[in-house]
Amino acid sequence: MLYGVFSDVHANLEALEVVLDFFRASRTEGHICCGDVVGYGPDPEECLAKVRRLKNISIVCGNHDLAAVGRLDVEWFNPYARAATLWTRAALGGESRRFLEGLTARLETREFTVVHGTPRRPADEYLLSVAQFKVNMSKVSVWPLFMGHSHMPLCFHCSAEGRIEPIFIDDRQCVTGEVAAFGTVPVAFNPGAVGQPRDHDKRASCALWDSEARSFRVFRLAYDVAVTQAKIRSHGLPEYLALRLAYGQ
Ligand SMILES: [Fe+2]
């Protein structure tokens with residue numbers, strides 16, 4: 001089955017639309033969302049409406065989704081994230097709130113596991129190092145693991161010899177074959193961020209997962225950043241949240 005994999009939309013409607021158009025053109029049959037649909041960006045309601053309508057979707061909540069409905073304290077958020085969270089809380093309607101309240105932080109199907117951060121701390125730990133991957137391996141029984149949160153398209157793979165390799169995935173790069181040969185081989189994929197990339201590439205990031213070929217390919221898609229920036233400014237959200245989109249930071 002071909003899955004569209006995406007994460008960290010962060011209420012960026014323009015970025016989400018190009019990603020969903022791409023999934024439609026690719027004829028995806030299922031969808032995997034690793035959380036943080038809202039937070040930072042200016043269109044939480046519109047983004048949630050589009051995500052809710054996706055067919056066959058496996059979705060978990062991220063730390064910003066939790067904070068938006070009061071399930072996570074914003075005390076530890078930076079000032080920009082905190083300001084955006086308080087604005088998002090006021091902007092969400094009842095249906096969106098109920099949807100976010102119903103999401104779990106971890107999801108396991110017969111084919112894969114989904115978290116936002118890491119299996120041991122699904123909402124808030126960033127999986128960026130080999131050491132973190134190692135300590136989290138015992139917490140997963142169905143591989144591959146799909147995660148988000150770091151806003152970086154990457155893969156961690158444990159080879160048959162037990163060697164772990166982190167791979168930062170470029171646009172159109174496919175991670176397959178040896179890397180994801182069998183469902184029992186520990187491998188974790190991050191599709192990057194749709195709405196707030198942080199790898200110096202401002203284009204929206206997403207991926208296609210072919211569960212039969214066991215291939216994971218990342219795609220970077222250009223969108224009209226200026227439109228999103230104008231909305232951020234018109235809502236009085238922090239200027240930094242508009243500026244960072246132009247730099248992929
Ligand atoms: Fe995020």
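## The nonpolar core

Of the 65 residues in the largest nonpolar core, those touching the most other members are Val19, Cys47, Phe146, Cys155, Ala188 and Val194. A nonpolar core here is a set of buried Ala, Val, Leu, Ile, Met, Phe, Trp, Tyr and Cys residues joined through C-beta atoms within 7 Å. A residue is buried if 20 or more other C-beta atoms lie within 10 Å of its own, exposed if 12 or fewer, and partly exposed in between, with C-beta atoms placed from the backbone. Helix 1 (residues 13-26) gives the most to this core, namely six residues.

Leaving aside neighbours within four places in sequence, Phe146 is in contact with Val5, Ile32, Cys34, Phe112, Val114 and Phe189. Two residues are in contact if their C-beta atoms, placed from the backbone, lie within 7 Å.

## Basis of the model

This is a predicted model, in which local features need pLDDT of at least 70 and side-chain atom pairs count only at pLDDT 80 or more, while totals for chains, interfaces and linings use all residues. Residues are numbered from 1 along each chain as its sequence is written.

## Overall form

The protein has eight helices and 12 strands; helices (H or I, at least four residues) and strands (E, at least two) are DSSP runs, numbered from the N terminus. Its radius of gyration is 17 Å, close to the 18 Å that the globule rule gives for 249 residues, so the protein is as compact as a globular protein of that length. This radius is taken over C-alpha atoms, and the rule is 2.2 Å times the number of residues to the power 0.38.

Along its principal axes, the C-alpha trace spans about 55 × 35 × 30 Å. Of the 249 residues, 45% count as buried. Among contacts between residues at least 6 apart in sequence, 73% join residues at least 24 apart.

## Val51 in helix 2

Val51 lies in helix 2 (residues 44-52). Val51 is buried because 20 other C-beta atoms lie within 10 Å. Apart from neighbours within four places in sequence, Val51 is in contact with Cys33 and Val37.

## Helices 7 and 8

The axes of helix 7 (residues 225-234) and helix 8 (residues 239-247) come within 8 Å and cross at roughly 170 degrees. Helix 7 is therefore roughly antiparallel to helix 8, a term for angles over 145 degrees. Axes are lines fitted to C-alpha atoms, for helices over the stretch in contact, and angles run from 0 to 180 degrees between N-to-C directions.

In helix 7, Val225, Thr228, Gln229, Ile232 and Arg233 meet Leu241, Ala242, Leu245 and Ala246 of helix 8.

Definitions and conventions:
Parallel < 35°, antiparallel > 145°, perpendicular 65-115°, else oblique.
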